[in-house]
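Please find below a colleague's note on the structure shown here. The points may be read in order, with the structure open alongside.

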Amino acid sequence: MPTVVDVQELHKSYGATVAVDDISLQVEQGEIFGILGPNGAGKTTTVECIEGLRTPDRGQISVLGLDPRRDRAELTQRLGVQLQDSQLPERLRVGEALELYSSFYRAPADWRKLMDVLGLADKRDSRFGKLSGGQRQRLSIALALVGSPRVAVLDELTTGLDPQARRDTWALIEDVRDRGVTILLVTHFMEEAERLCDRVALIDRGRVVATGSPSELVTGANAEQRLRFRPSVPMADELLTRLPEVTSLTRRGDTVVVTGNENVVNAVTSVLAAHRIVAQQLRVEQTSLEDAFVALTGHDHDTAR
Amino acid sequence: MSNPAQALPGRVPGSALRKLTSAEFKLFARERAGPIWGVAFPLLLLIIFGSIPGFRSPVSKALPGVSILDAYVPILIAFVLAMLALNVLPSVLAGYREKGILRRLATTPVGPGRVLAAQLAVSVGMTVVTLVLLLAVARVAYQVPLPRQAGGFALAALLAAAALLSIGLFIAAVASGGRMANAVGAIIFFPLMFFAGLWLPISSMPPVLQHISHATPLGAAAQALQDSWQGQWPHPLQLVTLAAYAVVFGVAAARLFRWE
(Lines give C-alpha, C1' and ligand atoms only; values in the text may rest on other atoms or scores of the structure.)
Protein backbone atom coordinates (compact mmCIF):
# COMPACT_ATOMS: atom_id res chain seq x y z
CA MET A 1 0.00 0.00 0.00
CA PRO A 2 1.41 3.40 -0.92
CA THR A 3 2.00 5.96 1.81
CA VAL A 4 -0.44 8.88 1.57
CA VAL A 5 0.66 10.89 4.61
CA ASP A 6 4.34 10.97 5.47
CA VAL A 7 5.55 12.93 8.50
CA GLN A 8 9.29 13.01 9.18
CA GLU A 9 10.86 14.31 12.37
CA LEU A 10 8.20 16.95 12.98
CA HIS A 11 8.96 19.54 15.63
CA LYS A 12 6.78 22.42 16.77
CA SER A 13 6.90 24.61 19.86
CA TYR A 14 4.85 27.56 21.04
CA GLY A 15 7.28 29.83 22.85
CA ALA A 16 8.90 27.74 25.56
CA THR A 17 6.28 24.99 25.31
CA VAL A 18 7.28 22.11 23.10
CA ALA A 19 4.06 20.72 21.62
CA VAL A 20 5.60 18.26 19.18
CA ASP A 21 9.09 17.08 20.00
CA ASP A 22 9.90 14.53 17.32
CA ILE A 23 7.09 12.85 15.49
CA SER A 24 7.42 10.63 12.44
CA LEU A 25 4.56 8.60 11.05
CA GLN A 26 3.37 7.09 7.79
CA VAL A 27 -0.28 6.60 6.93
CA GLU A 28 -0.98 4.06 4.21
CA GLN A 29 -3.68 4.28 1.61
CA GLY A 30 -7.06 2.92 2.65
CA GLU A 31 -6.43 2.49 6.35
CA ILE A 32 -7.84 4.10 9.47
CA PHE A 33 -4.77 5.40 11.21
CA GLY A 34 -5.15 6.58 14.78
CA ILE A 35 -3.12 9.20 16.54
CA LEU A 36 -3.70 8.25 20.13
CA GLY A 37 -2.56 9.87 23.32
CA PRO A 38 -3.63 11.89 26.33
CA ASN A 39 -4.76 15.51 26.11
CA GLY A 40 -1.82 17.81 25.52
CA ALA A 41 0.34 15.09 23.94
CA GLY A 42 0.70 17.04 20.67
CA LYS A 43 -1.90 15.19 18.58
CA THR A 44 -3.84 18.20 17.39
CA THR A 45 -0.71 20.21 16.65
CA THR A 46 0.54 17.31 14.53
CA VAL A 47 -2.60 17.13 12.42
CA GLU A 48 -2.79 20.91 12.16
CA CYS A 49 0.67 20.82 10.57
CA ILE A 50 -0.58 18.08 8.22
CA GLU A 51 -3.61 20.24 7.32
CA GLY A 52 -1.32 23.21 6.63
CA LEU A 53 -2.91 25.32 9.37
CA ARG A 54 0.43 25.56 11.18
CA THR A 55 4.00 25.80 10.02
CA PRO A 56 6.33 23.23 11.60
CA ASP A 57 9.56 24.48 13.15
CA ARG A 58 11.41 21.50 11.68
CA GLY A 59 10.67 18.33 9.77
CA GLN A 60 9.03 17.31 6.49
CA ILE A 61 5.41 16.58 5.77
CA SER A 62 4.03 15.17 2.56
CA VAL A 63 0.31 14.55 2.03
CA LEU A 64 -0.55 12.79 -1.24
CA GLY A 65 2.85 14.01 -2.45
CA LEU A 66 1.97 17.63 -1.63
CA ASP A 67 3.60 20.06 0.79
CA PRO A 68 0.82 21.27 3.12
CA ARG A 69 2.08 24.87 3.18
CA ARG A 70 3.44 25.31 -0.34
CA ASP A 71 0.73 23.38 -2.19
CA ARG A 72 -2.09 24.61 0.02
CA ALA A 73 -4.64 25.24 -2.74
CA GLU A 74 -4.24 21.74 -4.15
CA LEU A 75 -4.11 20.10 -0.73
CA THR A 76 -7.44 21.60 0.38
CA GLN A 77 -9.06 20.05 -2.70
CA ARG A 78 -7.98 16.54 -1.71
CA LEU A 79 -7.85 16.58 2.08
CA GLY A 80 -11.07 16.61 4.09
CA VAL A 81 -10.85 18.09 7.56
CA GLN A 82 -12.94 17.91 10.68
CA LEU A 83 -11.64 20.33 13.29
CA GLN A 84 -12.00 20.01 17.01
CA ASP A 85 -14.61 22.60 18.17
CA SER A 86 -15.30 24.43 14.97
CA GLN A 87 -18.72 25.87 14.39
CA LEU A 88 -20.87 27.21 11.61
CA PRO A 89 -22.96 30.39 11.61
CA GLU A 90 -25.88 29.80 13.99
CA ARG A 91 -28.54 30.58 11.43
CA LEU A 92 -27.08 28.61 8.54
CA ARG A 93 -29.25 25.60 7.68
CA VAL A 94 -27.88 22.07 7.30
CA GLY A 95 -28.72 21.83 3.59
CA GLU A 96 -27.32 25.29 2.92
CA ALA A 97 -24.06 24.50 4.69
CA LEU A 98 -23.57 21.31 2.67
CA GLU A 99 -24.47 22.97 -0.63
CA LEU A 100 -22.20 25.91 0.16
CA TYR A 101 -19.20 23.79 1.11
CA SER A 102 -19.68 21.53 -1.89
CA SER A 103 -19.41 24.61 -4.14
CA PHE A 104 -15.84 25.17 -2.92
CA TYR A 105 -14.55 21.97 -4.54
CA ARG A 106 -13.52 21.07 -8.07
CA ALA A 107 -15.15 17.64 -7.89
CA PRO A 108 -17.49 17.57 -4.92
CA ALA A 109 -19.56 14.66 -3.66
CA ASP A 110 -23.33 14.80 -4.07
CA TRP A 111 -24.21 16.65 -0.88
CA ARG A 112 -27.81 15.41 -0.87
CA LYS A 113 -26.69 11.77 -0.81
CA LEU A 114 -24.12 12.56 1.84
CA MET A 115 -26.85 14.17 3.91
CA ASP A 116 -28.88 10.94 3.63
CA VAL A 117 -25.91 8.71 4.46
CA LEU A 118 -25.25 10.71 7.63
CA GLY A 119 -28.88 10.66 8.66
CA LEU A 120 -29.32 14.40 8.35
CA ALA A 121 -31.97 14.43 5.64
CA ASP A 122 -34.76 15.32 8.06
CA LYS A 123 -32.61 18.13 9.46
CA ARG A 124 -32.04 19.74 6.07
CA ASP A 125 -33.90 22.94 7.00
CA SER A 126 -32.71 23.08 10.61
CA ARG A 127 -30.36 25.83 11.66
CA PHE A 128 -26.91 24.85 12.89
CA GLY A 129 -27.66 26.56 16.21
CA LYS A 130 -30.61 24.23 16.81
CA LEU A 131 -28.72 20.96 16.23
CA SER A 132 -27.79 18.55 19.02
CA GLY A 133 -24.16 17.66 19.68
CA GLY A 134 -24.46 14.42 17.73
CA GLN A 135 -26.11 16.14 14.79
CA ARG A 136 -23.42 18.83 14.71
CA GLN A 137 -20.78 16.13 14.75
CA ARG A 138 -22.42 14.30 11.85
CA LEU A 139 -22.71 17.53 9.89
CA SER A 140 -19.08 18.22 10.59
CA ILE A 141 -18.17 14.77 9.23
CA ALA A 142 -20.37 15.37 6.19
CA LEU A 143 -18.60 18.67 5.53
CA ALA A 144 -15.22 16.92 5.82
CA LEU A 145 -16.36 14.46 3.12
CA VAL A 146 -18.29 16.81 0.83
CA GLY A 147 -15.23 17.56 -1.31
CA SER A 148 -14.88 13.80 -1.96
CA PRO A 149 -11.40 13.82 -0.41
CA ARG A 150 -8.84 11.00 -0.77
CA VAL A 151 -7.79 11.53 2.85
CA ALA A 152 -9.88 12.76 5.77
CA VAL A 153 -8.48 14.03 9.06
CA LEU A 154 -10.96 13.71 11.92
CA ASP A 155 -10.03 15.32 15.22
CA GLU A 156 -11.77 14.08 18.38
CA LEU A 157 -14.57 12.62 16.37
CA THR A 158 -16.79 11.36 19.16
CA THR A 159 -16.03 13.69 22.06
CA GLY A 160 -19.26 14.75 23.70
CA LEU A 161 -21.36 12.04 22.07
CA ASP A 162 -23.44 9.57 24.02
CA PRO A 163 -22.41 5.88 23.76
CA GLN A 164 -25.01 5.04 21.12
CA ALA A 165 -24.11 8.00 18.91
CA ARG A 166 -20.46 7.09 19.37
CA ARG A 167 -21.01 3.53 18.11
CA ASP A 168 -23.05 4.83 15.18
CA THR A 169 -20.25 7.21 14.28
CA TRP A 170 -17.69 4.42 14.42
CA ALA A 171 -19.77 2.29 12.04
CA LEU A 172 -20.02 5.28 9.73
CA ILE A 173 -16.27 5.86 9.68
CA GLU A 174 -15.63 2.19 8.85
CA ASP A 175 -18.09 2.60 6.01
CA VAL A 176 -16.21 5.60 4.70
CA ARG A 177 -12.91 3.70 4.90
CA ASP A 178 -14.45 0.75 3.05
CA ARG A 179 -15.32 3.12 0.25
CA GLY A 180 -11.66 3.96 -0.23
CA VAL A 181 -11.05 7.08 1.85
CA THR A 182 -7.92 7.00 4.00
CA ILE A 183 -8.69 8.22 7.49
CA LEU A 184 -6.44 9.88 10.00
CA LEU A 185 -8.19 9.82 13.33
CA VAL A 186 -7.13 11.80 16.37
CA THR A 187 -8.43 10.49 19.65
CA HIS A 188 -7.73 10.21 23.33
CA PHE A 189 -10.18 7.32 23.73
CA MET A 190 -8.27 4.05 23.95
CA GLU A 191 -11.47 2.17 23.30
CA GLU A 192 -12.14 4.11 20.11
CA ALA A 193 -8.67 3.42 18.75
CA GLU A 194 -8.91 -0.26 19.66
CA ARG A 195 -12.28 -0.62 17.98
CA LEU A 196 -11.69 1.45 14.88
CA CYS A 197 -8.05 1.79 13.90
CA ASP A 198 -6.09 -0.48 11.59
CA ARG A 199 -2.93 1.03 12.99
CA VAL A 200 -2.20 3.56 15.69
CA ALA A 201 0.67 5.79 16.72
CA LEU A 202 0.80 6.15 20.49
CA ILE A 203 1.85 9.70 21.27
CA ASP A 204 3.06 10.95 24.61
CA ARG A 205 4.65 14.31 25.40
CA GLY A 206 5.23 15.19 21.77
CA ARG A 207 6.84 11.90 20.79
CA VAL A 208 5.74 8.67 19.17
CA VAL A 209 6.00 5.94 21.78
CA ALA A 210 4.97 3.07 19.52
CA THR A 211 3.31 2.42 16.17
CA GLY A 212 1.43 -0.66 15.04
CA SER A 213 -1.94 -2.35 15.01
CA PRO A 214 -3.74 -2.24 18.35
CA SER A 215 -3.09 -5.98 18.89
CA GLU A 216 0.60 -5.62 17.99
CA LEU A 217 0.92 -2.84 20.53
CA VAL A 218 -0.78 -4.85 23.21
CA THR A 219 1.45 -7.88 22.55
CA GLY A 220 4.60 -5.83 22.08
CA ALA A 221 4.05 -3.94 25.28
CA ASN A 222 4.48 -7.20 27.24
CA ALA A 223 1.88 -5.94 29.57
CA GLU A 224 0.95 -8.16 32.45
CA GLN A 225 -1.92 -10.61 32.38
CA ARG A 226 -4.14 -10.77 35.37
CA LEU A 227 -6.45 -13.58 36.48
CA ARG A 228 -8.71 -13.88 39.45
CA PHE A 229 -10.52 -16.92 40.84
CA ARG A 230 -11.87 -18.49 44.02
CA PRO A 231 -10.06 -21.74 44.89
CA SER A 232 -12.45 -24.61 45.70
CA VAL A 233 -10.23 -25.63 48.68
CA PRO A 234 -7.75 -23.57 50.73
CA MET A 235 -4.37 -23.31 49.04
CA ALA A 236 -0.95 -21.92 49.96
CA ASP A 237 0.34 -18.82 48.15
CA GLU A 238 3.70 -20.52 47.51
CA LEU A 239 1.99 -23.02 45.23
CA LEU A 240 1.70 -20.24 42.65
CA THR A 241 4.28 -17.62 43.64
CA ARG A 242 7.15 -20.03 43.03
CA LEU A 243 6.13 -20.30 39.37
CA PRO A 244 8.48 -18.26 37.13
CA GLU A 245 5.49 -16.95 35.13
CA VAL A 246 3.88 -15.35 38.20
CA THR A 247 4.96 -11.90 39.37
CA SER A 248 2.52 -11.26 42.18
CA LEU A 249 -0.32 -12.76 44.14
CA THR A 250 -2.81 -10.96 46.33
CA ARG A 251 -5.92 -12.09 48.14
CA ARG A 252 -9.13 -10.16 48.39
CA GLY A 253 -11.37 -12.11 50.73
CA ASP A 254 -11.91 -15.51 49.12
CA THR A 255 -10.60 -14.32 45.79
CA VAL A 256 -7.02 -14.79 44.64
CA VAL A 257 -5.59 -12.31 42.12
CA VAL A 258 -2.52 -13.43 40.20
CA THR A 259 -0.51 -11.37 37.76
CA GLY A 260 2.25 -12.52 35.50
CA ASN A 261 3.55 -12.69 31.95
CA GLU A 262 1.64 -13.86 28.87
CA ASN A 263 1.94 -17.56 29.90
CA VAL A 264 0.63 -17.06 33.41
CA VAL A 265 -2.84 -18.40 32.66
CA ASN A 266 -1.49 -21.73 31.40
CA ALA A 267 0.98 -22.10 34.22
CA VAL A 268 -1.53 -21.35 36.96
CA THR A 269 -4.33 -23.53 35.59
CA SER A 270 -2.06 -26.57 35.14
CA VAL A 271 -0.69 -26.28 38.71
CA LEU A 272 -4.21 -25.96 40.08
CA ALA A 273 -5.35 -28.97 38.06
CA ALA A 274 -2.39 -31.03 39.30
CA HIS A 275 -3.46 -30.26 42.88
CA ARG A 276 -7.10 -30.93 42.13
CA ILE A 277 -8.08 -27.40 42.99
CA VAL A 278 -10.93 -25.97 40.94
CA ALA A 279 -10.62 -22.31 40.02
CA GLN A 280 -14.16 -21.10 40.60
CA GLN A 281 -15.40 -17.93 38.89
CA LEU A 282 -12.15 -17.75 36.95
CA ARG A 283 -11.75 -14.47 35.10
CA VAL A 284 -8.84 -13.51 32.88
CA GLU A 285 -8.52 -9.79 32.36
CA GLN A 286 -7.65 -8.92 28.78
CA THR A 287 -4.72 -6.60 28.34
CA SER A 288 -6.03 -3.48 26.68
CA LEU A 289 -4.43 -0.70 24.74
CA GLU A 290 -4.75 1.25 27.97
CA ASP A 291 -2.46 -1.28 29.72
CA ALA A 292 -0.10 -1.15 26.76
CA PHE A 293 0.03 2.62 27.05
CA VAL A 294 0.92 2.45 30.72
CA ALA A 295 3.55 -0.21 30.02
CA LEU A 296 5.08 1.83 27.20
CA THR A 297 5.12 5.24 28.83
CA GLY A 298 5.55 4.25 32.45
CA HIS A 299 2.66 6.40 33.57
CA ASP A 300 -1.09 6.42 33.60
CA HIS A 301 -2.99 7.60 30.58
CA ASP A 302 -5.05 9.99 32.66
CA THR A 303 -2.19 11.45 34.65
CA ALA A 304 -0.07 12.09 31.57
CA ARG A 305 -1.53 15.50 30.85
CA MET B 1 -17.92 7.05 -0.67
CA SER B 2 -19.06 5.12 -3.72
CA ASN B 3 -22.16 7.05 -4.60
CA PRO B 4 -21.95 10.31 -2.70
CA ALA B 5 -18.29 10.73 -3.54
CA GLN B 6 -18.89 10.63 -7.23
CA ALA B 7 -17.87 13.88 -8.81
CA LEU B 8 -20.60 16.03 -10.24
CA PRO B 9 -19.67 17.17 -13.73
CA GLY B 10 -19.95 20.66 -15.10
CA ARG B 11 -18.67 22.86 -12.28
CA VAL B 12 -19.07 26.54 -13.03
CA PRO B 13 -16.06 28.68 -12.09
CA GLY B 14 -16.96 31.43 -9.66
CA SER B 15 -19.87 29.49 -8.22
CA ALA B 16 -18.14 29.32 -4.81
CA LEU B 17 -18.08 33.11 -4.50
CA ARG B 18 -21.68 33.35 -5.70
CA LYS B 19 -22.89 30.72 -3.22
CA LEU B 20 -20.88 32.23 -0.38
CA THR B 21 -22.22 35.71 -1.10
CA SER B 22 -25.80 34.48 -1.29
CA ALA B 23 -25.37 32.55 1.98
CA GLU B 24 -23.99 35.69 3.65
CA PHE B 25 -26.95 37.74 2.38
CA LYS B 26 -29.35 35.18 3.85
CA LEU B 27 -27.50 35.21 7.17
CA PHE B 28 -27.52 39.02 7.19
CA ALA B 29 -31.28 39.00 6.72
CA ARG B 30 -31.79 36.31 9.40
CA GLU B 31 -29.62 38.13 11.94
CA ARG B 32 -32.26 40.93 12.07
CA ALA B 33 -29.94 43.48 13.73
CA GLY B 34 -28.45 44.47 10.35
CA PRO B 35 -31.73 44.93 8.48
CA ILE B 36 -33.31 46.74 11.44
CA TRP B 37 -30.51 49.18 12.29
CA GLY B 38 -28.84 49.48 8.91
CA VAL B 39 -31.89 49.61 6.63
CA ALA B 40 -35.21 50.11 8.43
CA PHE B 41 -34.08 52.57 11.11
CA PRO B 42 -32.59 55.21 8.73
CA LEU B 43 -35.76 55.00 6.62
CA LEU B 44 -37.84 55.49 9.76
CA LEU B 45 -35.75 58.52 10.72
CA LEU B 46 -36.33 59.96 7.25
CA ILE B 47 -40.08 59.46 7.61
CA ILE B 48 -40.11 61.03 11.08
CA PHE B 49 -38.03 64.03 9.99
CA GLY B 50 -40.09 64.35 6.83
CA SER B 51 -43.30 64.44 8.84
CA ILE B 52 -42.14 67.41 10.95
CA PRO B 53 -43.50 70.45 9.09
CA GLY B 54 -40.61 72.71 10.14
CA PHE B 55 -38.09 70.37 8.53
CA ARG B 56 -39.49 71.11 5.10
CA SER B 57 -39.10 74.87 5.29
CA PRO B 58 -35.91 76.43 3.90
CA VAL B 59 -32.78 76.34 6.06
CA SER B 60 -32.12 80.04 5.57
CA LYS B 61 -33.14 82.98 3.44
CA ALA B 62 -29.82 82.74 1.62
CA LEU B 63 -30.61 79.24 0.37
CA PRO B 64 -34.32 79.37 -0.49
CA GLY B 65 -34.41 75.99 -2.25
CA VAL B 66 -32.77 73.96 0.55
CA SER B 67 -34.90 72.61 3.39
CA ILE B 68 -33.61 71.18 6.68
CA LEU B 69 -34.70 67.76 5.43
CA ASP B 70 -32.58 68.22 2.29
CA ALA B 71 -29.58 68.75 4.54
CA TYR B 72 -30.48 65.71 6.65
CA VAL B 73 -30.66 63.11 3.90
CA PRO B 74 -26.85 63.04 3.37
CA ILE B 75 -26.43 62.63 7.14
CA LEU B 76 -28.79 59.65 7.04
CA ILE B 77 -26.65 58.20 4.26
CA ALA B 78 -23.61 58.58 6.48
CA PHE B 79 -25.64 56.86 9.21
CA VAL B 80 -26.33 53.86 6.95
CA LEU B 81 -22.66 53.58 5.97
CA ALA B 82 -21.55 53.73 9.60
CA MET B 83 -24.16 51.26 10.81
CA LEU B 84 -23.33 48.58 8.24
CA ALA B 85 -19.57 49.12 8.18
CA LEU B 86 -18.88 49.74 11.87
CA ASN B 87 -21.56 47.73 13.62
CA VAL B 88 -22.52 44.83 11.36
CA LEU B 89 -19.36 43.89 9.42
CA PRO B 90 -16.87 43.76 12.33
CA SER B 91 -19.12 41.76 14.65
CA VAL B 92 -19.86 39.21 11.92
CA LEU B 93 -16.21 38.73 10.97
CA ALA B 94 -14.82 38.77 14.51
CA GLY B 95 -17.61 36.39 15.56
CA TYR B 96 -16.67 34.03 12.72
CA ARG B 97 -13.10 34.04 13.93
CA GLU B 98 -14.11 33.49 17.56
CA LYS B 99 -16.24 30.47 16.68
CA GLY B 100 -13.63 28.87 14.43
CA ILE B 101 -15.73 29.44 11.32
CA LEU B 102 -12.86 31.22 9.57
CA ARG B 103 -10.47 28.46 10.60
CA ARG B 104 -12.81 25.83 9.21
CA LEU B 105 -13.04 27.78 5.95
CA ALA B 106 -9.24 27.99 5.84
CA THR B 107 -9.10 24.19 5.44
CA THR B 108 -11.24 24.35 2.28
CA PRO B 109 -10.22 25.60 -1.18
CA VAL B 110 -12.43 28.70 -0.82
CA GLY B 111 -9.54 30.91 0.29
CA PRO B 112 -9.48 34.08 2.38
CA GLY B 113 -10.08 36.41 -0.57
CA ARG B 114 -13.53 35.00 -1.35
CA VAL B 115 -14.56 35.03 2.32
CA LEU B 116 -13.75 38.74 2.61
CA ALA B 117 -15.21 39.53 -0.81
CA ALA B 118 -18.53 37.94 0.18
CA GLN B 119 -18.67 40.00 3.40
CA LEU B 120 -17.85 43.22 1.57
CA ALA B 121 -20.41 42.38 -1.12
CA VAL B 122 -23.10 42.14 1.57
CA SER B 123 -22.07 45.46 3.15
CA VAL B 124 -21.79 47.30 -0.18
CA GLY B 125 -24.95 45.67 -1.54
CA MET B 126 -27.02 46.59 1.50
CA THR B 127 -25.58 50.11 1.51
CA VAL B 128 -26.56 50.63 -2.13
CA VAL B 129 -30.05 49.22 -1.57
CA THR B 130 -30.66 51.44 1.47
CA LEU B 131 -29.22 54.47 -0.25
CA VAL B 132 -31.51 54.03 -3.27
CA LEU B 133 -34.50 53.53 -0.93
CA LEU B 134 -33.61 56.68 1.01
CA LEU B 135 -33.23 58.76 -2.17
CA ALA B 136 -36.47 57.40 -3.61
CA VAL B 137 -38.57 57.90 -0.46
CA ALA B 138 -37.12 61.38 0.09
CA ARG B 139 -37.80 62.32 -3.52
CA VAL B 140 -41.27 60.83 -3.86
CA ALA B 141 -42.73 61.44 -0.40
CA TYR B 142 -41.01 64.65 0.64
CA GLN B 143 -39.94 66.31 -2.61
CA VAL B 144 -36.26 66.27 -1.64
CA PRO B 145 -34.38 66.81 -4.93
CA LEU B 146 -31.88 64.18 -6.10
CA PRO B 147 -28.19 65.10 -5.81
CA ARG B 148 -27.54 67.90 -8.31
CA GLN B 149 -23.88 66.96 -8.83
CA ALA B 150 -24.48 63.23 -9.42
CA GLY B 151 -20.86 62.37 -10.33
CA GLY B 152 -19.50 64.12 -7.25
CA PHE B 153 -22.14 62.43 -5.12
CA ALA B 154 -21.26 58.98 -6.44
CA LEU B 155 -17.53 59.59 -5.89
CA ALA B 156 -18.12 60.90 -2.36
CA ALA B 157 -20.36 57.93 -1.51
CA LEU B 158 -17.82 55.47 -2.92
CA LEU B 159 -14.89 56.97 -1.00
CA ALA B 160 -16.97 57.22 2.17
CA ALA B 161 -17.95 53.54 1.87
CA ALA B 162 -14.30 52.57 1.29
CA ALA B 163 -13.17 54.57 4.34
CA LEU B 164 -15.87 53.18 6.64
CA LEU B 165 -15.50 49.57 5.48
CA SER B 166 -11.72 49.79 5.98
CA ILE B 167 -12.28 51.00 9.53
CA GLY B 168 -14.80 48.17 10.00
CA LEU B 169 -12.29 45.59 8.75
CA PHE B 170 -9.67 47.11 11.04
CA ILE B 171 -11.98 46.68 14.05
CA ALA B 172 -12.66 43.09 12.97
CA ALA B 173 -8.91 42.47 12.74
CA VAL B 174 -8.00 43.78 16.19
CA ALA B 175 -11.09 42.79 18.20
CA SER B 176 -10.79 39.55 20.16
CA GLY B 177 -14.31 38.41 19.38
CA GLY B 178 -17.78 39.33 18.17
CA ARG B 179 -18.84 41.07 21.39
CA MET B 180 -15.66 43.11 21.58
CA ALA B 181 -16.09 44.16 17.94
CA ASN B 182 -19.68 45.13 18.68
CA ALA B 183 -18.63 47.23 21.64
CA VAL B 184 -15.84 49.03 19.77
CA GLY B 185 -18.15 49.69 16.82
CA ALA B 186 -20.85 51.10 19.06
CA ILE B 187 -18.43 53.27 21.06
CA ILE B 188 -16.95 55.01 18.03
CA PHE B 189 -20.29 55.14 16.23
CA PHE B 190 -21.82 57.91 18.36
CA PRO B 191 -18.95 60.42 18.29
CA LEU B 192 -18.56 59.82 14.56
CA MET B 193 -22.28 60.42 14.02
CA PHE B 194 -22.07 63.56 16.13
CA PHE B 195 -19.37 64.93 13.85
CA ALA B 196 -21.45 63.95 10.83
CA GLY B 197 -24.05 66.42 12.15
CA LEU B 198 -26.76 63.99 13.26
CA TRP B 199 -27.65 66.11 16.29
CA LEU B 200 -26.17 69.46 15.31
CA PRO B 201 -25.66 70.38 11.63
CA ILE B 202 -21.97 70.83 10.76
CA SER B 203 -22.68 74.37 9.52
CA SER B 204 -24.08 75.30 12.95
CA MET B 205 -21.05 73.97 14.86
CA PRO B 206 -18.45 76.34 16.32
CA PRO B 207 -15.40 76.67 14.03
CA VAL B 208 -13.22 74.34 16.14
CA LEU B 209 -15.80 71.55 15.97
CA GLN B 210 -16.24 72.17 12.25
CA HIS B 211 -12.52 71.61 11.73
CA ILE B 212 -12.57 68.44 13.80
CA SER B 213 -15.67 67.29 11.98
CA HIS B 214 -14.02 67.68 8.59
CA ALA B 215 -11.13 65.55 9.77
CA THR B 216 -13.38 62.67 10.89
CA PRO B 217 -14.46 60.11 8.29
CA LEU B 218 -18.19 60.64 8.72
CA GLY B 219 -17.89 64.42 8.98
CA ALA B 220 -15.90 64.53 5.75
CA ALA B 221 -18.39 62.14 4.17
CA ALA B 222 -21.45 64.14 5.25
CA GLN B 223 -19.90 67.40 4.06
CA ALA B 224 -18.89 65.95 0.69
CA LEU B 225 -22.33 64.41 0.20
CA GLN B 226 -24.10 67.65 1.17
CA ASP B 227 -21.94 69.72 -1.18
CA SER B 228 -22.61 67.45 -4.14
CA TRP B 229 -26.28 67.38 -3.23
CA GLN B 230 -26.47 71.11 -3.63
CA GLY B 231 -24.70 71.03 -6.96
CA GLN B 232 -21.09 71.71 -6.03
CA TRP B 233 -18.20 69.38 -6.67
CA PRO B 234 -17.11 68.06 -3.20
CA HIS B 235 -14.12 69.82 -1.69
CA PRO B 236 -10.92 67.90 -2.62
CA LEU B 237 -9.73 68.07 0.99
CA GLN B 238 -12.70 65.95 2.11
CA LEU B 239 -12.23 63.45 -0.71
CA VAL B 240 -8.53 63.16 0.14
CA THR B 241 -9.42 62.72 3.83
CA LEU B 242 -11.77 59.84 2.99
CA ALA B 243 -9.24 58.23 0.66
CA ALA B 244 -6.56 58.51 3.35
CA TYR B 245 -8.79 56.76 5.91
CA ALA B 246 -9.51 54.01 3.38
CA VAL B 247 -5.81 53.43 2.63
CA VAL B 248 -4.46 53.67 6.20
CA PHE B 249 -7.10 51.47 7.82
CA GLY B 250 -7.31 49.14 4.82
CA VAL B 251 -3.55 48.46 4.92
CA ALA B 252 -3.57 48.10 8.72
CA ALA B 253 -6.52 45.67 8.56
CA ALA B 254 -4.81 43.57 5.89
CA ARG B 255 -1.59 43.46 7.96
CA LEU B 256 -3.30 42.62 11.24
CA PHE B 257 -5.99 40.27 10.04
CA ARG B 258 -5.93 36.84 11.69
CA TRP B 259 -7.87 33.77 10.71
CA GLU B 260 -7.83 32.32 14.22
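How many residues of chain B are in contact with chain A? The points below begin with that matter, after a remark on conventions. This is a predicted model, in which local features need pLDDT of at least 70 and side-chain atom pairs count only at pLDDT 80 or more, while totals for chains, interfaces and linings use all residues. Residues are numbered from 1 along each chain as its sequence is written, and chains are lettered from A and ligands numbered from 1 in the order in which they are written.

1. The interface. In chain B, 27 residues are in contact with 33 residues of chain A; a contact requires that the C-beta atoms of two residues, placed from the backbone, lie within 7 Å. Of the elements, α1(B) gives the most, with eight residues. By type, the residues on this side of chain B comprise 13 nonpolar, seven polar and seven charged (nonpolar: Ala, Val, Leu, Ile, Met, Phe, Trp, Tyr, Cys and Pro; charged: Asp, Glu, Lys and Arg; polar: the others, Gly among them).

2. Chain B as a whole. Chain B contains 10 helices and zero strands; helices (H or I, at least four residues) and strands (E, at least two) are DSSP runs, numbered from the N terminus. The C-alpha trace of chain B spans about 80 × 35 × 30 Å along its principal axes. Among contacts in chain B with a separation of 6 or more, 78% join residues 24 or more positions apart. Of its 260 residues, 45% are buried. A residue is buried if 20 or more other C-beta atoms lie within 10 Å of its own, exposed if 12 or fewer, and partly exposed in between, with C-beta atoms placed from the backbone.

3. Helix α9(B), residues 217-229, has 13 residues and reaches 18 Å from its first C-alpha to its last, close to the 18 Å expected; the expected span is 1.5 Å times one less than the number of residues. Because 13 of the 13 residues of α9(B) are buried, this helix is largely enclosed by the rest of the structure. After α9(B) comes Gly231(B), whose phi is positive, near 100°. Ile68(B) lies in helix α3 (residues 68-98) of chain B. Ile68(B) is partly exposed, as 16 other C-beta atoms lie within 10 Å.

4. Chain A as a whole. Chain A has 11 helices and 13 strands. Its C-alpha atoms fill a box of roughly 75 × 45 × 35 Å along the principal axes. Of the 305 residues of chain A, 45% count as buried.

5. A sheet in chain A. Four strands of chain A form an open sheet in the order β11-β12-β10-β13, with antiparallel pairing; two strands pair if DSSP finds at least two bridges between them. β11 (246-252) and β13 (279-285) of chain A stand at the edges with a single partner strand each, so one side of each is left without a neighbour in the sheet. Strands β10(A) (residues 225-231) and β12(A) (residues 255-260) pair over five bridges. Within this pair, Arg228(A) has Val257(A) in β12(A) as its bridge partner. Helix α10(A), residues 264-274, packs on the sheet and touches β10, β11, β12 and β13 of chain A. The direction of α10(A) makes about 20° with that of β10(A); axes are lines fitted to C-alpha atoms, for helices over the stretch in contact, and angles run from 0 to 180 degrees between N-to-C directions.
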